[in-house]
Amino acid sequence: MSNSFGNIFTITTFGESHGEAIGGVIDGCPSGIEIDIEAVQNELNRRKPGQSKIVTQRKEPDEVQFLSGIFEGKTTGASIGFIIKNVHQRSNDYFHIKDSFRPSHADYTYTKKYGHRDYRGGGRTSARETANWVVGGAVAKQVIPLIKIHAYTSSVGDLFLEKPYQDLDFSKIEDNIVRCPDDAIAEQMILKIDKIRKQGDTIGGTVTCVIQNVPVGLGEPIFDKLHAQLGKAMLSINAVKGFEYGSGFCGAKMRGSEHNDMFNADGSTKSNLSGGIQGGISNGMDIYFRVAFKPVATIMQAQQTIDKDGNMVEMHGKGRHDPCVVPRAVPIVEAMAALVLADFTLLNK
C-alpha cells in the first residue's frame, strides 16, 4: 500500500478512520522555516467534520500535535512527526457492512486485494486520512509563502458558479458553509445539499483551484510534468472522478489559432488557456484547474448489493456521512496543490 507522496518534500501517513489516531511524517522540509502552528490548525478546522448542517456530524476536534522536527517555532531539518487523535468513533454504525459491500465503495476492491479489511468507517479508505494531507499541505504553504493557493466550490450538482475566477473575491470563500465566493449561488448550493441530505441521498460537485505568483520553471519533464503531478495529487483525493487544467476539455473543441496564448514583450501571455503550464513547466501565469467529485457512495436508502459469499442482500446506509464532500474538499485540494508546489520548488534548487 503506497502511503507516501512527494520526491524531496514528502509526507508519509498512517492510521484508520476508527483507530486510536491518524498521523504522519513530513520529510525534506528545509531547516529554519518558521511554522505558524495556529495556521496549521486553522487549515484542519476548515476540513474537520461536524462544522455545519451540510457535512457529516461526526464531532472530531482534529487537534494536531507535533512530535518532532520543530523547535522554538522553527523547523530543524529533521523529520516532522505529527499525530491527530480520533475521539468520536461510533464503530457500531458499520457492523452491518462487516460482510457485505457498499455499491461504488472501496469495500469490495480492498477485500479482494487484501483478503481482510477494517470495515469501521472504511478504515484506511476513509477520507479521514485526508486530515493528514491537510497538515502536510499547511506546512508546505509556509515553505512557499509567496505562492498563493485559493480553492473554492464552483459547482454542486447542476448549479454552477459561472463567473471567471478573475471576477471573484477570494476573501469571501470562507463567508459561507459551502465555500463558494458568490453569496447568491452559495445559498442555492446550500439549499440543494440540505434537500438532498433530507432525502437520504448524496450529490457531487466541483472545486476550482487558482495558484498565483508561481515562478517560471517549476516542473520536471518528461514524466514529472507539473500538471501531471497536480493531476496525480488531485486524483488521489477520495471521491475524485476528474481533473482538468487551463482550457481543459473545452480546449479540445478549439482551433490552434483560437487556443494559442500570444506573448507580451515581458514573456507573459495575453490569454492563459495554457493554465499557467506549458510543456509541463510553469510559465509564470496563474495556474488554474478544476476537480470533479462524485456523490458519496454511502446513502441512507435501501440498495441491493452482495455479501462476501456472493449472496444478494439489501443494505441501508447508517452512520454519519457527508451528503456532499465538496465543501470539506476545498482545503484538501489546496493542501495537495501546496505539497506539489513545495516539492517542485525544492527540486528546482
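Reply: Fine. The model is predicted. The axes of helix α1 (residues 37-47) and helix α3 (residues 130-143) come within 9 Å and cross at roughly 140 degrees. The crossing of α1 past α3 is right-handed.

Me: What makes α1 and α3 a contact, and which residues in α1 meet α3?
Reply: Contact means heavy atoms within 4.5 Å. Ala39, Val40, Glu43, Leu44, Arg46 and Arg47 in α1 meet residues of α3, including Val134, Val135, Ala138 and Lys141. So these residues count as a contact.

Me: How do the residues of that contact divide into nonpolar, polar and charged?
Reply: Eight are nonpolar, two polar and four charged. Leu44 and Val134 are both in the contact. Leu and Val count as nonpolar, so both go into that group.

Me: What is the order of the five strands in the open sheet?
Reply: The order is β9-β8-β10-β14-β11, with antiparallel pairing.

Me: Why are β9 and β11 called edge strands?
Reply: β9 (159-160) and β11 (240-245) each pair on one side only.

Me: How do you know that β11 and β14 pair?
Reply: Pairing needs at least two bridges. β11 and strand β14 (residues 287-293) have five, in the antiparallel sense, so they pair. Tyrosine 245 has phenylalanine 289 in β14 as its bridge partner.

Me: Which helices pack on these strands?
Reply: Helix α5 (residues 226-235) lies across β11 and β14, at about 155 degrees to β11. Helix α7 (residues 326-347) packs on the sheet and touches β8 (148-156), β10 (205-212) and β14. The direction of α7 makes about 145 degrees with that of β8.

Note on methods. Residues numbered from 1 in each chain as written. Predicted model: local features only at pLDDT ≥ 70, side-chain atom pairs only at ≥ 80, totals over all residues. Heavy atoms only, no water. Axes fitted to C-alpha atoms, helices over the stretch in contact; angles between N-to-C directions. Helix = DSSP H or I, 4+ residues; strand = E, 2+ residues; numbered from the N terminus. Left-handed = near helix turned anticlockwise from the far one by under 90°.
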